[in-house]
Amino acid sequence: MNFSFQVETRDKSSKARTGVLKTPHGEIRTPVFMPVGTQATVKAMTNEQILDAGAQIILGNTYHLYMRPGHELIREAGGLHRFMNWDKPILTDSGGFQVFSLGELRKLTEEGAAFQSHIDGSRHLFTPEKVVEIEEALGSDIMMVLDECTPYPADHEYTEHSMERTHRWAKRCKDAQTRDDQALFGIVQGGMYPELRKKSAEEIAKLDFIGNAIGGLSVGEPKPMMYEMLDVVTDVLPEEKPRYLMGVGTADCLVEGVARGVDMFDCVLQTRIARNGTALVRSGKLVIRNAEYAKDFRPIDEACDCYACRNHTRAYIRHLIKTNEILGATLLSIHNTRFTIRLMEEIRGHIEAGTFQEFRREFMGNFRI
Ligand SMILES: [Zn+2]
């Protein structure tokens, strides 16, 4: 077996835990934040910079890689690891989320999701079987099943039908898998209905995937609602398997997600807001492009050990952003990625030391937006 997950420490007064997830490309210490490399690159960062930020695993997006350069080309290159020269673990999503975001350009049936390319209008069909075939060509360590990310808001009837189809698709993905060196994760849906979330978690758990993900959260619902759904789901999902909260990565949600027993997170926010000139800090965000930083010769964050904070000032980075210099996006991406990974390292340390609750209280007390 190429995969194993071991819970190492449990927090006494929450569901937080630390663990080790073993994959064919190395071990991952959890809870973990996974930077997103949509098009086989974490935008504006070299692999060396991603490693320096402390990344243990990155994401690739199946939809984008299927479109360009195409999964057959990546197979020919020897898989995604070799194509992008990243030899640590990679997780690929199913492409479902991007397809469903196409709106008018896609149509959902029991068979799968038919859609038109956002690039050239060509027609395609993502079935559960097709998605597994693409992810096997990419050769990621962890692949995700095809699901429907239920929109918010959605009525009970729609949510239930969508959830049941997601369960059938999960089973079809499992049956379609041919490689045994990739772990397939199931995805829990169920919208914002606690009883549907519970049912979905039970059904997905029954399918006995190597890990379980929680999808369809952080889609516009208020945070307390997301936390309520999370609590319902992590009470049902098996303890001995990794849990992955998809597409969630603001600092407050990371802390609160860990407190509810989540082990893995990913988010595009870190690098996306970097390109817009925003830095993540303990209290929330620092909009570096604002005039107030024009003559601020301090680093973004005095306590940060990243390359940008060790070498450059807010004033310099603001100048780069204001003049649309590529380096500005790179420096802020390095900082935001390191900031988030360092937060996860700190969280792991506090769980191990038995001080997670104090840390959580203090962190949430200082965090704004
Ligand atoms: Zn920094």
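A search of the whole structure finds 30 salt bridges, each a side-chain nitrogen of Lys or Arg within 4 Å of a carboxyl oxygen of Asp or Glu. This is a predicted model, where local features need pLDDT of at least 70, side-chain atom pairs count only at pLDDT 80 or more, and totals for chains, interfaces and linings use all residues. Residues are numbered from 1 along each chain as its sequence is written, and side-chain values use heavy atoms, leaving out hydrogens and water.

Colleague: Which residue forms a salt bridge with Arg172?

Modeller: Happy to look! Arg172 lies in helix H7 and its partner in helix H6, so the pair ties together parts that are 43 residues apart in sequence. The N to O distance is 2.9 Å, and the partner is Glu129.

Colleague: Are H6 and H7 oblique or parallel to each other?

Modeller: Helices here are DSSP runs (H or I, at least four residues). The axes, lines fitted to C-alpha atoms over the stretch in contact, come within 8 Å and cross at roughly 45° for H6 (residues 128-138) and H7 (residues 156-176). Angles under 35 degrees count as roughly parallel, over 145 as roughly antiparallel, 65 to 115 as roughly perpendicular and the rest as oblique. H6 and H7 are therefore oblique.

Colleague: How many residues of the contact of H6 with H7 are nonpolar?

Modeller: Good one! With contact meaning heavy atoms within 4.5 Å, Pro128, Glu129 and Val132 in H6 meet Trp169, Arg172, Cys173 and Ala176 in H7. Ala, Val, Leu, Ile, Met, Phe, Trp, Tyr, Cys and Pro count as nonpolar, and Asp, Glu, Lys and Arg as charged. The contact has no polar residues, 2 charged ones, and a nonpolar count of 5.

Technical notes
Axes fitted to C-alpha atoms, helices over the stretch in contact; angles between N-to-C directions. Helix = DSSP H or I, 4+ residues; strand = E, 2+ residues; numbered from the N terminus.
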